[in-house]
Amino acid sequence: MADLTYREALRRALDDELARDPDVFLMGEEIGRFEGSYKVTAGLWQKYGPERVRETPISEEGFVGAGIGAAMMGLRPVVEIMTINFILVAMDQVINHAAKIRYMFGGAVGVPMVIRTPGGAGAQLTAQHSQSLEAWFAGCPGIKVVAPASVADAYGMLKTAIRDDDPVLFCENLVMYNVTGTMPDDPDYTVPLGRAAVVREGSDLTLVAHSYTVQRALRVADTMSRDGIEIEVVDLRSLRPLDAETVAESVRKTSRALIAEEGWSTYGVGAELAARIHRLCFDDLDAPVERVGGAEVPMPYSKPLELAALPLESKIEAAARGLLAESGIA
Amino acid sequence: MAKAAETPPDTLLDKDTALRLFRMMALIRRFEERTEEQYTRARIGGYCHLAIGEEASTVGAIDALEPGDCLYASYRDHGTALAVGSEPVAVMAELFGKETGVAHGRGGSMHLMDVQRRFFGGWGIVGAHLPIATGTALALSYRDLPNAVLCQFGDGAVETGSFHEALNLAGVWDLPIVFQIINNQYGMGTSVEQSSAEPDLWRRAAAYRMHGERIDGNDVLAVREATARLMGIARRERRPALLETITYRFRGHSVADAGKVYRSAEEIESWRKRDPITRFGLHCSERGLLEQDEIDQVWSDVAAEVKSAIDEALGAAFPDPDTLYEHVYGDSAWREQFSRMRAGAPFGERGEERTWQT
């Protein structure tokens, strides 16, 4: 077991897959000589050359489309979109094309492509650079959407995504890049898609999260544990396929469910899970399902406003305590 | 540097080639006419875009492809599929939504394809397949294969951002691809002059330091010659090109459009006089390559072929509704990956047996 940052774990997964399979290549803005806007691909251009670590112009629609066309020929492109905010100019390629091709061509051809892209807020990047849009994509059949929240998952899930024969939107997180964690020593370590993880056991409330919000959820659980309240934290890891069973098993045990996410909860991950928990755990619930997300405003610049818009630990904890109070605890 | 070509060079034409080109154009014409009729009989649903009048631009270009070359097309793709050699019955079956269709009834009129013959589709979002075709050219280059991509699209696609992005990528990456504008002069009812600040569409190539060329798209031999030449350069020298073939659709944008409110009867009539099939027939008979009775025989053969395609496709089975969820994903692990997503899913998505009528 070695300690690595989330960024280094991603880089190691890319390096391993580039070394393992000559059909794997990387494509994106500034990923070569510049080493990636967030340095995930540092050193790979030097190691693998410009054909396998392909620098692109600022043409998201163009190079996401090119990734699709290369994937249809059996290559395994790993396309980097500098941040998830910029994927919107390539939305047509992702939703109308990558997600549809296998089906509308009757299964004759697939798109084994990964789009890696970080989301998240907290560094005063403002309205156009702070979004968490993964739920928009997770609602669309034909693609898979994952969002690892740990160093080991970043490594293991990226390798699985690259080997997958379907298009995968691999959501990273800007704040997570510098988070350190333990990496398994096994070079064949992979993590299957569609499996959530109970990352902290508890008996009083189930707190479901994905990506960086899992870290916040764990800190909330630690804080509330000091008051004798034990929160079970479920890391979704994968939004589509979604592991609703693990969530339901946990809620049946705790009888309370809170879903936290950095994106907007309305029509979001929390909305989807609340509907499922309602159906699966109707008789087990001691309180209505609660959701907490980013404030439903475009992200402001000024620090006090940005903090007010984020689903910080304090906001998640308040939601958790409110839920417990509704069912007669605390 | 690029210039609009004048008269196409005299192409040596043998009888077999003449017959093959004439036969394919006639097959497409007859197929499209019968398709229109099948649509009015409500055997075909959705959108249905006919390419009557554009046969030379399609057939001439596709005849210039070599084994291993890849082809992309717009949604006006019935003729494209026939020209690559897809069975007329499989194409008609797709239009009818049958399981035996080229896409097993999943794609319909706009999404024909034949991966075995390297025809990568019929695409429904104007301009959006240009970057995808460019990626296929990138794959040919990545694998160092000696082939190239032919990417066909209409004049309307030239005004999209993806046209620019695709041509720029093909240019900076030296990709083996020929972009063919099948300029039928209208994007739905909007003319090229209305849409384009530079209506000489081939001139756009200059912005990418790419060879650009405009030819008579109703002259099947000129189209074939230009495509063969530019694809040859793409294959050998990894240099992309932009080829504009000027043609005209005799029908409306789709079968729902009579095609008469935005253009004059005189204009349509003037183009009918330049019908690519009549013209090529005349060319061949004047040169003693095809006799009139051979031409008549081709028309009667293709009529019989299309009739039998319709009859057989009508008799084919529709897809089984139990196969609705097939091909959304294709990874061998997908069922396992999604096995825990049924829990609490919306009604109908939990793997229930269907108890409701469809």
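User: How many residues does the contact take from chain B and from chain A?

Analyst: Contact means heavy atoms within 4.5 Å. The contact takes 61 residues from chain A and 53 residues from chain B. This is a predicted model, in which local features need pLDDT of at least 70 and side-chain atom pairs count only at pLDDT 80 or more, while totals for chains, interfaces and linings use all residues. Residues are numbered from 1 along each chain as its sequence is written, chains are lettered from A and ligands numbered from 1 in the order in which they are written, and side-chain values use heavy atoms, with hydrogens and water left out.

User: What area do chain B and chain A bury between them?

Analyst: The size of an interface is often given as the accessible area lost when the parts come together. Here buried area is that loss (1.4 Å probe), summed over both parts. Chain B and chain A bury about 4600 Å² between them, with 61% of it on carbon and sulfur atoms. Of the area that chain B buries against chain A, 17% is supplied by Tyr142(B), Gln337(B) and Arg340(B), more than any other three residues.

User: How many salt bridges are there between chain B and chain A?

Analyst: A salt bridge is a side-chain nitrogen of Lys or Arg within 4 Å of a carboxyl oxygen of Asp or Glu. Between chain B and chain A the count is five. One of the pairs is Arg340(B) with Glu249(A), whose closest N and O atoms are 3.5 Å apart.

User: Which elements of chain B supply at least two residues each of the side that touches chain A?

Analyst: Helices (H or I, at least four residues) and strands (E, at least two) are DSSP runs, numbered from the N terminus. The elements are β1 (70–73), β2 (119–122), α5 (129–142), α6 (161–172) and α12 (334–337) of chain B. The largest share, eight residues, comes from α5(B).

User: Is Ser74(B) buried or exposed?

Analyst: Buried means under 20% relative accessible area, exposed over 50%, and partly exposed in between (1.4 Å probe, protein chains only). Ser74(B) has 15% relative accessibility, so Ser74(B) counts as buried. Its place is in the loop between β1 and α3 (78–84) of chain B.

User: Which residues is Ser74(B) in contact with, leaving aside its neighbours within four places in sequence?

Analyst: Ser74(B) is in contact with Met110(B), Gly122(B), Trp123(B), His129(B), Gln152(B) and Phe153(B). A polar atom of the Ser74(B) side chain also lies 3.1 Å from the backbone nitrogen of Arg76(B).

Technical notes: Buried area = accessible area lost by both parts, 1.4 Å probe. Polar contact = N/O pair within 3.5 Å; in protein donor to acceptor, adjacent residues only side chain to side chain.
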